[in-house]
Each structure stands twice: as structure tokens, then as C-alpha cells.
Amino acid sequence: MIEHAPGGTPIRIADQRRHQRVRAELLGRYMLADRREYPCQTVDMSPGGVRLTCAVLGSVGERVVLYLEQIGRLEGVIVRHPPGGFAMQLNATPRKRDKIASQLMWLSNRDGLGLPEGRTHERLVPTNPGVQLRLDGGRTITARVIDISMSGVALATTTTPPIGTAVMVGSTPGRVVRYFEGGIGAQFMLPISPDRFHEGIRL
């Protein structure tokens, strides 16, 4: 997308937005050059780059393939190592940068206005919805999966642990993040790998 300044000089909108960094805590996974996958979480992001919290740092200049929920698949290279992770420069077309800018604007407005979480990412209903929840102290309760995304799950249950409570959803660790009539929402500690995310999933 291109606009023209008063003097007639073209200005690419993606370039205008390049340095507008947005604080965003999005779960994701990344693959380094050795093709191994690791979990991560974003610290902040712009259409041109992203800073991640992660355990395996990679090398400056190394190519990274990154998958972020609500953003999607991204590619880039590591440019520096801030504390606790790395920053990467994104390799994206101007059209892709415009899309990222729009997604970041939506996320920023959602957080600032207290809007409910958008479902821009895929959710599915598993063919085997029954699941056991294990709370701190070993207490186990039965629940039913209403729907699931790669970062969380909506569960039908008569038990409502306090917000922030750590739970094991089957064998998947998470924490309670919201209530709704007849159940709870839990966010996974790490996103589900894309190869596990299908209707036959067992948590």
C-alpha cells in the first residue's frame, strides 16, 4: 500500500509503521537452522521485527521460522540477543507487513479497551472431548472440551478453580484464565505443536 507525500514522494505505509513496536505476549514456536522446534513468547513486536523470550538462543544471522498464534507463520533472521531471548528481523513482503501492522493494531486496541479475546485463530472440537483436570494437591475432576485452540481450551465443568490456578488438562499444563456459564477457560503454558492440532487430539 503506497501513499504520496505533499511533494509527490511515495511513502510506503509499512515503512511508516516499521518502528512502531507494540508490547504483545503471544505464545508461539520457532525453528532454528537445525530444524528443531522450541517454545517461545513474544515481548514486543513491530511489522519489521519481534523480540522473543526463549531458552535456546541461536546465533546472530541465523534463519528462524516462527509461528505465532493470532499472527501466523513468519520468517526472519536473529539480529541480537537481549536478556532472556533474541530479537529477529522479519523477512516479509510489504503486503505482509501491512497485515502484521493491522493485526498488532487490533491486539493493542483489544488490550487497551479490555475487549474479549478474538478468535482469529483456528478452534476445533475434538472427537473425544472427555478429559480429566488435575489441580494442585492431586484433586482430579472430570470435564468436557467445548473447543480448543493451539493456546487454550474451553471446558464444561461444574468446578471453578480460582483465576490463575495451575491445572493439568489431561497431560497438558495450563492455568485458569476466565469463567463463563457452565465452565472455565484455560490457557496452555506452551502452545500445542501444529502436528498435534487436529480433531483426534488427546490432551
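Trainee: Why is Arg-51 called partly exposed?

Mentor: Arg-51 has a relative accessible area of 21%. Buried means under 20%, exposed over 50%, and partly exposed in between, with a 1.4 Å probe and protein chains only; Arg-51 is therefore partly exposed. This is a predicted model, in which local features need pLDDT of at least 70, side-chain atom pairs count only at pLDDT 80 or more, and totals for chains, interfaces and linings use all residues. Residues are numbered from 1 along each chain as its sequence is written, and side-chain values use heavy atoms, with hydrogens and water left out.

Trainee: What makes Asp-44 buried?

Mentor: The relative accessibility of Asp-44 is 10%, which is under 20%, so Asp-44 counts as buried.

Trainee: How do you know that Asp-44 forms a salt bridge with Arg-51?

Mentor: A salt bridge is a side-chain nitrogen of Lys or Arg within 4 Å of a carboxyl oxygen of Asp or Glu. The closest N and O atoms of Asp-44 and Arg-51 are 3.0 Å apart, so the pair meets the rule. By this rule the count comes to 5 salt bridges.

Trainee: Why is the contact of Arg-63 and Glu-75 called a salt bridge?

Mentor: Their side chains meet at 2.8 Å, N to O, which is within 4 Å; the pair therefore qualifies. Glu-75, at 26% relative accessibility, is partly exposed, and Arg-63, at 46%, is partly exposed.

Trainee: Which salt bridge joins Arg-73 to Glu-75 by the N to O value?

Mentor: The side chains of Arg-73 and Glu-75 meet at 2.6 Å, N to O, so this pair is also a salt bridge.
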